[in-house]
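The sequence and the structure come first.

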Amino acid sequence: MKSKFILLLLFFGLTSIFAQQKTEIISKDSIQSVEIDPLRPSKAAFYSAVLPGLGQIYNKKYWKVPLVYGAIGTSTYLYFDNQKKYNLYRDEYKNRLGGTQSGSEFLAGLSESQLISAQKQFQRNRDLSALFMVGFYILNIIDANIDASLSQFNVDEKLAFKPAIIKNEITSQNDFGFALNYSF
């Protein structure tokens, strides 16, 4: 009986060994060359300078294009709107100096000092809108350049900047800090 039990145990034990599949471990190639294009940032900046938003499309950051056109478009609209209002108040002031009365009840009710003040306000707003328009255009170029530069930056698990809790052996207290680790 014992021999049958041992024989049965060996038979099932051996079959279970053969029933297992061998897993093959394939390690990743640790030396992997990533091609870096040194002209990529300058191309993105050039494309953005030619047509705002084109650098963001080149960088495949499509969600930034509406932001670029929204900022530049709003500044452009405000520039032309303030220019139109400035011309309206300036023309009214010139007509008053020439002795002509306005056909508008609103403009006729304003004094000359109010007309001058409104002209200065709309001129200032127009100039600020032009400044913002140029600023957003330059910001668009800078964003495309920096985004293209950072897209080639090597972000690897070998380099880590993590918070660390270090046990102080002298005082037996925990010290908090940051650790910069680089593994080979």
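## Overall make-up

Of the 184 residues in the protein chain, 20% are buried, where buried means under 20% relative accessible area, exposed over 50% and partly exposed in between, with a 1.4 Å probe and protein chains only. The model is predicted, so local features need pLDDT of at least 70 and side-chain atom pairs count only at pLDDT 80 or more, while totals for chains, interfaces and linings use all residues. Residues are numbered from 1 along each chain as its sequence is written, and side-chain values use heavy atoms, with hydrogens and water left out.

The protein chain has 6 helices and 2 strands, and its pattern along the sequence is α-α-α-α-α-α-β-β. Helices (H or I, at least four residues) and strands (E, at least two) are DSSP runs, numbered from the N terminus. Taking contacts in the protein chain between residues at least 6 apart in sequence, 49% join residues at least 24 apart; contact means heavy atoms within 4.5 Å.

## Helix 4 and helix 6

Two packed helices are described by the angle between their axes and the distance between the axes. Helix 4 (residues 65-98) and helix 6 (residues 112-151) have axes that come within 8 Å and cross at roughly 160°. Helix 4 is therefore roughly antiparallel to helix 6. Axes are lines fitted to C-alpha atoms, for helices over the stretch in contact, and angles run from 0 to 180 degrees between N-to-C directions. Angles under 35 degrees count as roughly parallel, over 145 as roughly antiparallel, 65 to 115 as roughly perpendicular and the rest as oblique.

The crossing of helix 4 and helix 6 is left-handed; this term applies if the near helix is turned anticlockwise from the far one by less than a right angle, and right-handed applies if clockwise. The contact of helix 4 with helix 6 has 17 nonpolar, 9 polar and 6 charged residues. In this division Ala, Val, Leu, Ile, Met, Phe, Trp, Tyr, Cys and Pro count as nonpolar, Asp, Glu, Lys and Arg as charged, and the others, Gly among them, as polar.

## Helix lengths and buried residues

The expected span of a helix is 1.5 Å times one less than its number of residues. For the 40 residues of helix 6 this gives 58 Å, and the end C-alpha atoms are 58 Å apart, which agrees.

Buried residues of helix 6 include Leu115, Phe122, Arg126, Asn140 and Asp147. The buried residues of helix 6 pack against helix 2 (40-50), helix 3 (54-58) and helix 4. In helix 4, the buried residues include Val65, Ile72, Asp81, Tyr86, Glu92 and Arg96, and the buried residues of this helix pack against helix 3, helix 5 (105-108) and helix 6.

Ser75 is found in helix 4 and counts as buried at 5% relative accessibility. Not counting residues up to four places away in sequence, Ser75 touches Ser129, Phe132, Met133 and Phe136.

## Helix 2 and helix 6

Helix 2 and helix 6 pack at an angle of about 155°, with their axes 8 Å apart. Helix 2 is therefore roughly antiparallel to helix 6. The crossing of helix 2 and helix 6 is right-handed.

On the helix 2 side, the contact includes Arg40, Pro41, Ala44 and Ser48; on the helix 6 side, the residues include Tyr137, Ile141, Asn145 and Ser149. The residues of the contact of helix 2 with helix 6 divide into 9 nonpolar, 5 polar and 1 charged.

## Loops and positive phi

Most residues other than glycine have a negative phi, and most peptide bonds are trans. Lys60 is not a glycine, yet its phi is positive, about 65°. Lys60 sits in the loop between helix 3 and helix 4 and is exposed, with a relative accessible area of 63%. Tyr62 also lies in the loop between helix 3 and helix 4 and counts as exposed at 51% relative accessibility. Leaving aside neighbours within four places in sequence, Tyr62 is in contact with Gln56 and Ile57.

Ser172, not a glycine, has a positive phi of about 60° and is found in the loop between strand 1 (159-167) and strand 2 (174-182). Gly99, which follows helix 4, has a positive phi near 95°.
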